[in-house]
Amino acid sequence: MSEELLVRNCAPTLAGLKTASLFNCPYESREELLSSLRQLNRRLGPKGVRAIPLRFSEKRALVYLYRPARLEQDLSANASAALLRQCGYTSCQSGKCLTSLARKLRQKGEFPHEIGVFLGYPVEDVIGFMENKGKNYVLCKYWKVYHHAERAKHTFESYDRCRAFLCNQLNQGYDLYQALKIS
């Protein structure tokens, strides 16, 4: 897995601005991808970041890069916990929730839109998306915004600056860990 792919898709999570990121990762060998994720977790784990595959399809994996401590907080918040219960989750413990989410992603059927909660999106926007079936949003960039557009706009701008900074670091020859100041 290339560092450029990680930075392009996960910069705000890597920098600690966001709970999690989700991206499609092409691979030639499933074992090589798993090995790459293990190496990444060894380096980023001590900094509070973890990456796991949620679903495999032919030559692509859906990879979830996240900050476990923040995810635990996000999922246990009252509004998030209520939404997850409504969506069939039996626990707000992050490990059990991720197992349930991965199961839902592997099933054929409706996409689990509650995934926005796992990505750190405001719960009111996740609910707005579900209620409006993805329509009637007031702003769209990293997610579809239904409430607090100005706050979301500032968040989007900080994500853009973060991505630009880390991409620039890679272009200047730094590796991911140097760019993030990880030894």
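Arg38 is partly exposed, with a relative accessible area of 40%; buried means under 20%, exposed over 50% and partly exposed in between (1.4 Å probe, protein chains only). The model is predicted: local features need pLDDT of at least 70, side-chain atom pairs count only at pLDDT 80 or more, and totals for chains, interfaces and linings use all residues. Residues are numbered from 1 along each chain as its sequence is written, and side-chain values use heavy atoms, with hydrogens and water left out.

**Exercise 1.** Locate the Asp160 and Lys141 pair in the secondary structure.

Solution. 
- The two side chains form a salt bridge of 2.5 Å, N to O.
- Asp160 belongs to helix 8 (residues 149-171), while Lys141 sits in the loop between strand 4 (139-140) and strand 5 (144-145), so the pair ties together parts 19 residues apart in sequence.
- Helices (H or I, at least four residues) and strands (E, at least two) are DSSP runs, numbered from the N terminus.
- Asp160 is partly exposed at 27% relative accessibility, and Lys141 is partly exposed at 48%.

**Exercise 2.** Describe the pairing of Arg8 with Glu4.

Solution. 
- Their closest N and O atoms are 3.1 Å apart, in a salt bridge.
- Both residues lie in helix 1 (residues 3-14), 4 residues apart, about one turn of the helix.
- Glu4 is exposed at 51%, whereas Arg8 is partly exposed at 41%.

Key:
Salt bridge = Lys/Arg side-chain N within 4 Å of Asp/Glu carboxyl O.
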